[in-house]
Amino acid sequence: MANTLSKSFFHPLFFFIFLLFSTLAAAKSNSFSRILSPASLGLKKEKLTHLRFYFHDIVSGRNATAVPVAEAATTKTYLSAFGLLTMMDDPLTVEPLRSSKLVGKAQGMYASASQTELSFLMVLNFAFTEGKYNGSNLSVLGRNSVFSGVREMPIVGGSGLFRFARGYAQAKTREIDLKTGDAVVEYNVYVFHY
């Protein structure tokens, strides 16, 4: 009897099933990821939103909204200011006038990333403060070749109503003061989100 029990316990099929369930149980308990359905997070149908606003980059005066925070030893030798890093907290408004309704801030930094042209690496959030988008953000990471007519930068993510966002932002300079460097830039943002 003992001999029969021992043979059936170590039967290859039984051993394989035991090994499979042990592996699955261990994988579930030690896993750091899982696949979810969008509905499990309350996500509904994806939509495409177009936002238009004006970005006020004020680099002059006592109330500057964009300030240089670092530069390379050679920055001043380049017409493009290569190596200059600027932090910003720029107002976003409904119309080109600085006094028009504030809808948010562009918060982040831009760095002069070209030796030959004025071209910035932009790393910023559009932090919205108005209407249903209040508290929501869109994140931008891309190249901004300042003297091109229209520049396109990717939207790489978002938060709040813009969770799982992806899309692009088009920037077009509307006004630049050549004495001060202050600029008004129109942004048209096209973003997919839930």
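Of the 194 residues in the protein chain, 31% are buried. Keep in mind as you click around that this is a predicted model.

**Stop 1: the whole chain.** Start by colouring by secondary structure. You'll find two helices and nine strands. Follow the chain along its sequence and the pattern reads α-α-β-β-β-β-β-β-β-β-β. Now look at how parts of the chain meet: among contacts with a separation of 6 or more, 48% are between residues 24 or more positions apart. The chain exposes about 12,700 Å², and carbon and sulfur atoms supply 63% of that.

**Stop 2: the nonpolar core.** Hide the surface and select F53, F126, F128, L138, Y187 and V189. These have the most contacts inside the largest nonpolar core, which has 28 residues. Which elements give two or more residues to this core? They are β1, β3 (85–93), β4, β5, β6 (137–145), β7 (151–159), β8 and β9. The largest share, five residues, comes from β5.

**Stop 3: F126 up close.** Zoom in on F126 and show what surrounds it. Leaving out residues up to four places away in sequence, F126 touches F53, F55, L92, K105, A106, S136, N137, L138, V140, Y187 and V189. You've met some of those names already: F53, L138, Y187 and V189 are among the residues with the most contacts inside the core.

**Stop 4: the largest pocket.** Six elements to highlight here are β1 (47–57), β2 (66–70), β4 (102–112), β5 (119–128), β8 (166–176) and β9 (183–193), each giving two or more residues to the lining. Which one gives the most? That's β9, with three residues. The pocket's volume is about 610 Å³. Colour the lining by class and you'll get 18 nonpolar, seven polar and four charged residues.

**Stop 5: the second largest pocket.** Last, select H56, E175, D182, A183 and V184. They lie nearest the centre of the second largest pocket, which is lined by 13 residues. This pocket has a volume of about 150 Å³.

How values were computed:
Residues numbered from 1 in each chain as written. Predicted model: local features only at pLDDT ≥ 70, side-chain atom pairs only at ≥ 80, totals over all residues. Heavy atoms only, no water. 1 Å grid on protein atoms, 1.4 Å probe; cavity = no way out; pocket = protein on both sides within 12 Å on 5 of 7 lines; lining within 4 Å. Points joined across faces, edges and corners; volume = space filled by probe spheres on them. Helix = DSSP H or I, 4+ residues; strand = E, 2+ residues; numbered from the N terminus. Nonpolar A, V, L, I, M, F, W, Y, C, P; charged D, E, K, R; others polar. Core = buried A, V, L, I, M, F, W, Y, C linked by side-chain atoms within 4.5 Å. Buried < 20%, exposed > 50% of the residue type's maximum accessible area, 1.4 Å probe, protein only. Contact = heavy atoms within 4.5 Å. Areas by Shrake-Rupley, 256 points an atom, 1.4 Å probe, with all protein chains shown as cover.
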